[in-house]
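Please read this briefing alongside the sequence and the structure.

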Amino acid sequence: MRTRPPRLLAAALLAALTAATFPAASTAEAAEYERVLNGTFASGSADPWWSSAGVTNRVTGGELCAAVTGGTTNPWDALVGQNGVPFESDQSYTLSFDAHATTAQTVAAAAGESVSPYRGIARQEFALTTAKQHYTFTFTSTLDFPDAGNGQVAFQLGGQASDNTICVDNVSLIGGVKPPGGVPPTPTKKINVDQVGYVPGLPKHATVVSTATTPQPWTLKNSAGTTVATGQTTPKGADATSGDSVHLIDFSSFDTAGTGYTLVVGADSSFPFDISADGIKRLRYDSLAFFYHQRSGTPIDAQYVGDQYARPAGHVNVAPNQGDNNVPCRADLACGYTLDVRGGWYDAGDHGKYVVNGGIAAWQLLNSYERASRIGDASVFRDGTLAIPEKTNGVPDLLDEARWEVDFLLKMQAPDGMAHHKIHDAAWTALPTRPELDDQARRLSATSTAATLNLAAVAAQASRLWRGIDAAYSAKLLAAARKAYTAAKANPAKLADPNDNVGGGAYDDKTVSDEFYWAAAELYATTGDNAYRTDVTASPHYKAASLTRAGFYWGGTAPMGDITLALAPNGLPAADVTAIKSAFATVADQHLSAMAGMGYATPYDNSVDGYVWGSNSGVLNNAQVLALAHDFTGAAKYRDGVFEALHYLLGRNPLSTSYVAGYGDQAVQNVHHRFWARQNDPTLPIAPPGSLSGGPNSGLQDPVVQRLLPGCPQQKCWVDDIGAYSVNEVAVNWNSALAWVTGWAAEKSGKPPVPVSDCEVVYSAGKWYDGLSAQVKLTNTGTTPWTAWKLAFALPGTQRVTSGWSATWSQTGRDVTATNMSWNGQVEPGKSVHIGFNGSGTGADPTAFTVNGKSCKIG
Ligand code: 9MR
Ligand code: 9MR
């Protein structure tokens, strides 16, 4: 924390004295630090004012009116208060407010401690009348809670026989000398780097905080402290988004792999970092592990996550849980049925499950798989790649994890085909609350058009991917998708209630034409039906018309339809598909040119709304746009833009912070989560490695950041505090973006060193709707002849070998072997054999081959 300048101390003491003598003139010299939040109730919300049992807070006519139930004994038996109010010992404070009561009553205003032993600072009684009056009360603090800690102000409204209503407004507490926030409490470095690593062969940039106007010398040191490279910074000047004056370092030309490098400028050095692809390759899987942790309705088993993250199943009707086996609709809906909505992922730090957000998260994981299987390498997601219970079921683990959510989405479909918008607690629970200890009633909100189209889109996409894996499931998904789409067309404007935000988030969305486009695109890509094609091509969103630097998110889904139409083969005119692909390059170019002007380059457009809630997911979704631009064009600049985005998230930012838990020397820990809540309970864990914090939010939408960070530069509006839910929550749709981008980046980070191999395989298959004919060329690339050989590989889909030639073929499950015939067992170095087979079924080509137990290069 910054130490207080002496001049301010003098001014504050003077102000305290003046306040005592001439109350009306006290405003002239004092540092007028307002210590309560939302004292005017201007937004219509009472937050963060709370009330005790028997008191109901309501904001009406711009004031807070508390309906107090009579029959209490003591004044403090009925309370309205605010916590986290900073008090400094020996400092003067003036509490003032307007108040009136339906029936005249004496109430008290009190300052003190919000937790045991509940020490008091000051208390004063006021006789309220039916007429609004202004009251003030000045006191000196005897306690010290300099930051948003355990200080509290409360109105004591009890001790009355009868019910009464007491209204307050313009509540203000002025005092103290310590500036509220101003300097973010996150310790920062002058030299900001990706604390995880820079991939060999790719550009390497860092940012230096400096007001110098001339280039400064930098050195790169290895882990032994030896200088391995030197250069000059490029001055860039003031950067408004970060509030820093910056220089840039480009050390791309140094490319020796290693760990523990640091950059040094003058007396300052960076956090250590690697030149290596290992970090990004681990993060590809840790970002996916997040989803198993978030599973509802199943025990989280120590054998997959370790002891500290293991927990019993949440929300399976084991007391004190009340759900989710038979969840009714909210009382005001009277839907007349209950649903079994066990399973799915918890959305975030809360225990809600929301179709629109769970849907886009599942879609993004599935899209990562679909993209890899068409233009990348889907074998990295094969069975056994994740630590999950399904890791030996023969199905790629990424699909297993996504299915946990897709199955839940199907359960949210009402009998009429519409999908319920969400299911969550009737009231917000405290932090921490372990999932299995949540005692709130669970309720279904109304069905909505947005949720229904989300279900249609994801179920159609999933149907396509499971076609060769589980045909019955694929058919069930497609039926649900068609039914949902039909229901949405019959109810095209059933919007979610924006005020339905008690116990769960609203996730309301006023525009659903984008969801219509996305759902039609998925259904068309899966079925080829003309009716869906017509809806796609007639949509105002067609051909990436809505793809901009704003990207996509849970409320803006049209670009997800574009991505599918660009990736999955379909019957649209080739020119239209080309137009979609080039829109990705156009928007990617806009990102790159904006990034060239930034101190901390990141694909994020803050020109309209600043940095918003979940900004880190915006960075990543835009990185996905850059990645696809690279896929569609091959241009290296787009790939480099993706890595720049990752560098920003992993520490090259003005808070010198890695927003991914477990990655980097200064990484987020205290995310807003009801189980990963060590900040509130030392027996609970911190966020597991690979969890992404929401990131800077210049809207400052929670009390912790409102107190700590007023006036923050946009990229610094963040703090690693469990209470700061508008900047530091985790969420499934944010981690799905991290998984997509790190999966892509890992793929672009070079192959792992190829084990010594003396074989190369070229596999090519002609396919038709239910069969294939495959040619395989085996080459001895070693230096010694083969006298016998056995080729082994796995067929990913439903393919079965029906007959083969030039080898003895056999198949067990997906595993196929081909053994030499007597006449072709001898293969000299540099020579090849040609073999092949005919088969039934469908699926992707095999991606890994061994000969005589050694893996082969793929030719
Ligand atoms: O914990 C809640 C978090 O998951 C939500 O994202 C956030 C906004 O909807 O709300 C949090 O809950 C807070 C509520 O909004 C206001 N009262 C305090 C709650 C817990 O911090
Ligand atoms: O991600 C959501 C963000 O776009 C909204 O601005 C914010 C407030 O409505 O809500 C976010 O979603 C939260 C949801 O409402 C409740 N679960 C936690 C989500 C992440 O904070």
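The points below cover aromatic pairs, charges over rings, helix packing and backbone geometry.

This is a predicted model, in which local features need pLDDT of at least 70, side-chain atom pairs count only at pLDDT 80 or more, and totals for chains, interfaces and linings use all residues. Residues are numbered from 1 along each chain as its sequence is written, chains are lettered from A and ligands numbered from 1 in the order in which they are written, and side-chain values use heavy atoms, with hydrogens and water left out.

**Aromatic pairs**

- Rings of Phe, Tyr and Trp (its six-membered ring) are paired if their centres lie within 6.5 Å; planes under 30 degrees apart are stacked, over 60 edge-to-face, and the rest tilted.
- By this rule the count is 38 aromatic pairs.
- One of them is the edge-to-face pair of Y292 and Y304, at 5.6 Å centre to centre with 90° between the planes.
- Y292 belongs to helix 2 (residues 278-293) and Y304 to helix 3 (residues 302-305), so this pair ties together parts that are 12 residues apart in sequence. Helices (H or I, at least four residues) and strands (E, at least two) are DSSP runs, numbered from the N terminus.
- Y292 is buried at 2% relative accessibility, and Y304 is buried at 18%. Buried means under 20% relative accessible area, exposed over 50%, and partly exposed in between (1.4 Å probe, protein chains only).
- Y648 and Y659 form a tilted pair, with 6.3 Å centre to centre and 40° between the planes.
- Y648 lies in helix 13 (residues 636-649) and Y659 in the loop between helix 13 and helix 14 (703-708), so the pair ties together parts that are 11 residues apart in sequence.
- Y648 is buried, with a relative accessible area of 0%, and Y659 is buried at 0% relative accessibility.
- A cluster linked by ring pairs contains F41, W49, F87, Y93, F97, F126, Y135, F137, F139 and F155.

**Charges over rings**

- A charge sits over a ring if NZ of Lys or CZ of Arg is within 6 Å of the ring centre and within 35 degrees of the ring normal.
- R295 lies over the face of W404, 4.7 Å from the ring centre.
- R403 has its charged end over the ring of Y473, at 3.4 Å from the centre of that ring.
- W404 is also among the residues touched by T298, together with R311, P312, A313 and G314, not counting residues up to four places away in sequence. Contact here means heavy atoms within 4.5 Å.
- T298 is in the loop between helix 2 and helix 3 and is buried, with a relative accessible area of 16%.

**Helix packing**

- Two packed helices are described by the angle between their axes and the distance between the axes. Axes are lines fitted to C-alpha atoms, for helices over the stretch in contact, and angles run from 0 to 180 degrees between N-to-C directions.
- The axes of helix 13 and helix 16 (residues 732-747) come within 11 Å and cross at roughly 125°. Helix 13 is therefore oblique to helix 16. Angles under 35 degrees count as roughly parallel, over 145 as roughly antiparallel, 65 to 115 as roughly perpendicular, and the rest as oblique.
- Helix 13 passes helix 16 in a left-handed crossing. A crossing is left-handed if the near helix is turned anticlockwise from the far one by less than a right angle, and right-handed if clockwise.
- On helix 13, R639, V642, F643 and L646 meet V741, T742, W744 and A745 of helix 16.
- Helix 4 (residues 355-375) and helix 12 (residues 615-633) pack at about 15°, with axes 13 Å apart, and are therefore roughly parallel to each other.
- The crossing of helix 4 and helix 12 is left-handed.
- W363, Q364, N367, R371 and I375 of helix 4 meet N621, Q624, L628 and D631 of helix 12.

**Backbone geometry**

- Most residues other than glycine have a negative phi, and most peptide bonds are trans.
- The peptide bond from A319 to P320 is cis, with omega near 5°, and P320 is in the loop between helix 3 and strand 21 (327-328).
- The peptide bond from G323 to D324 is cis, with omega near 5°; D324 is in the loop between helix 3 and strand 21.
- F41 is not a glycine but has a positive phi of about 60°. F41 lies in the loop between helix 1 (6-21) and strand 1 (50-51) and is buried at 1% relative accessibility.
- A544 has a positive phi near 60°. A544 lies in the loop between helix 9 (530-538) and helix 10 (558-567) and is buried at 6% relative accessibility.
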